[in-house]
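Please look over the sequence and the model shown below before reading on. The report then takes up a few helices, strands and single residues in turn.

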Amino acid sequence: MNVLAKPADLEAAAPAGVFVEEVKTVQHYTDRLFRFRMTRPASFRFRSGEFVMIGLMIDGKPLYRAYSIASPAWDEELEFFSIKVPDGPLTSHLQKIQPGDAVLMKKKPTGTLVNDALVPGKRVYMFSTGTGIAPFASLIRDPDTYEKFDQVILTHTCREVAELKYGEELVQETINDPLIGEYAKDKLVHYTSVTREDFPRQGRITDLIQSGKLFEDLGVPALDPAVDRGMICGSMDMIRDTKQLLEAAGLTEGANNKPAEFVVERAFVG
């Protein structure tokens, strides 16, 4: 398969109206997960939590997938956190990118996991599994999130302990960040669990919500639509089950044009 990843080759072959951006850093976490950072076009604007279409030229055709932007809206670079699918049409090639390579990016960001889609509340839960943490990586590094909520609870559930590392590094970097740290150290809570290995907290997030263990561990009351807000990103099964639990607690799903108590992102890789 002919994959164009060198900037000059990609510039020459790229469709009109698409950004060609250079990869700056690549970090592999496990045989299933990696992150990369790339240049940000000067004209590109987005809201923290949105996603964009990322792609490569493969056999003369552009192939794109939706990727949440993991960096906050103020960052000078763009960060993405990706799953590796061995036979995935895009990710089987994307996982091989190196600094100095280039990728395609469409110009229009979109998405529902944005602060604007939630009505004001006291506490926001960001429920994530696997690479579903990516939009929250953007939101927990945005000052607007801390201005809107008194407590920001990021939950991250993975199959294996090693898959939690990106989130752990992210939270540590956020707390130590000179810009965001002063907000995050008092308001940000990171709650992790694992489903397939020994770990202090085991189980799916839906089970931890249902049993009440999540709230007991955090020392907070159960979900209350008067004060609690939710954002959900993960596998389709996780989204469906978590959504049902939030609705059972009395929370209503919102959207950009109709803010409410919780929002869901379905355009998700992995």
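This is a predicted model: local features need pLDDT of at least 70, side-chain atom pairs count only at pLDDT 80 or more; totals for chains, interfaces and linings use all residues.

## Strands S9 and S10

Strand S9, made up of residues 151–158, is joined to strand S10 by seven bridges, and the two strands run parallel. Strand S10 covers residues 188–194, and because five of its seven residues are buried, it is largely enclosed by the rest of the structure.

## Tyr146 in helix H4

Tyr146 belongs to helix H4, which takes in residues 143–148. Is this residue buried or exposed? Its relative accessible area is 1%, and since buried means under 20%, Tyr146 counts as buried.

The surroundings of Tyr146 can be described by its contacts, for when neighbours within four places in sequence are left aside, it touches Ile140, Val152, Thr174, Ile180, Tyr183, Ala184, Lys187 and Leu188. With Ile140 there is also a polar approach, in that a polar atom of the side chain of Tyr146 lies 2.7 Å from the backbone oxygen of Ile140. Val124 is 22 residues away from Tyr146 in sequence, while the C-alpha atoms of the two are 9.8 Å apart in space.

## Helix H5 and its buried side

Helix H5 consists of twelve residues, 165–176, which at 1.5 Å a residue should span 16 Å, and the distance of 17 Å between its end C-alpha atoms agrees with this. The buried residues of H5 are Tyr166, Gly167, Leu170, Val171 and Thr174. They cover an arc of only 125° around the axis, and therefore they lie on the same side of H5.

## Two cysteines without a bond

A disulfide is a covalent bond between the sulfur atoms of two cysteines. How many disulfides does a search of the whole structure find? The search finds zero. For Cys158, the closest cysteine sulfur is that of Cys233, and because the two sulfurs are 12 Å apart, they are too far from each other for a bond.

## Helix H9 and strands S11 and S12

Helix H9 has 13 residues, 236–248, and it reaches 18 Å from its first C-alpha to its last, close to the 18 Å expected at 1.5 Å a residue. Its buried residues are Met238, Ile239, Asp241, Thr242, Lys243, Leu245 and Leu246, and these pack against strand S8 (123–129), helix H7 (205–211), strand S11 (228–233) and strand S12 (262–265). Just after H9 comes Gly250, which takes a positive phi of about 100°.

Strands S11 and S12 run parallel and are joined by four bridges, with Ile232 having Val264 of S12 as its bridge partner. In a regular strand the side chains alternate between the two faces of the sheet. In S12, Phe262 and Val264 point one way, whereas Val263 and Glu265 point the other way, and all of them are buried.

## Asp59 in a loop

Asp59 is found in the loop between strand S4 (51–58) and strand S5 (61–68). Its phi is near 50°, a positive value in a residue other than glycine. With a relative accessible area of 45%, Asp59 is partly exposed.

Note on methods: Residues are numbered from 1 along each chain as its sequence is written. Side-chain values use heavy atoms; hydrogens and water are left out. Buried means under 20% relative accessible area, exposed over 50%, partly exposed in between (1.4 Å probe, protein chains only). Two strands pair if DSSP finds at least two bridges between them. Contact means heavy atoms within 4.5 Å. A polar contact is a pair of N or O atoms within 3.5 Å; within protein, one must be able to donate a hydrogen and the other to accept it, and residues adjacent in sequence count only if both atoms are side-chain atoms. The expected span of a helix is 1.5 Å times one less than its number of residues. The arc is that of the directions from the helix axis to the C-beta atoms. A disulfide is a pair of cysteine sulfur atoms within 2.5 Å.
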